[in-house]
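Please open the model in your viewer and follow the stops below in order.

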Amino acid sequence: LKVLGIGYDRTVGGRDVTEKLRKHLVAEFKSKHKTKGDILENPRAMAKLWKEAERVKQVLSANTEHFAQVE
């Protein structure tokens, strides 16, 4: 991910940012990998993506670029 700009919105909290990051990770995963089932229906996969989105969010709070990696 690369931060292109910054801003402030009182209505957007930490969970909202994590959710948007997770949605972005899901979209990127779907575009690059074809799986038998839908990743959105797999609770374990979604938990891993949530955890990675939290980690990326924390790193991006201090840096302008970072990458996500999920097993």
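This is a predicted model: local features need pLDDT of at least 70, side-chain atom pairs count only at pLDDT 80 or more; totals for chains, interfaces and linings use all residues.

Helices (H or I, at least four residues) and strands (E, at least two) are DSSP runs, numbered from the N terminus. Residues are numbered from 1 along each chain as its sequence is written, and side-chain values use heavy atoms, with hydrogens and water left out.

Keep the C-alpha trace on display: along its principal axes it spans about 40 × 25 × 15 Å. Next, colour by burial; of the 71 residues, 20% count as buried (under 20% relative accessible area, 1.4 Å probe, protein chains only).

The last stop is the largest pocket, whose volume is about 510 Å³. A pocket is an open set of points on a 1 Å grid over the protein atoms alone, where a 1.4 Å probe fits, with protein on both sides within 12 Å along at least five of seven lines; lining residues have an atom within 4 Å of a point. Its volume is the space filled by probe spheres set on the points, which are joined across faces, edges and corners. Select Val3, Gly5, Val17, Lys57 and Leu60, the closest to the pocket centre of the 16 lining residues. Helix H1 (14-32) and helix H2 (43-60) are the elements that give two or more residues to this lining, and H1 gives the most, with five.

Technical notes:
Buried means under 20% relative accessible area, exposed over 50%, partly exposed in between (1.4 Å probe, protein chains only).
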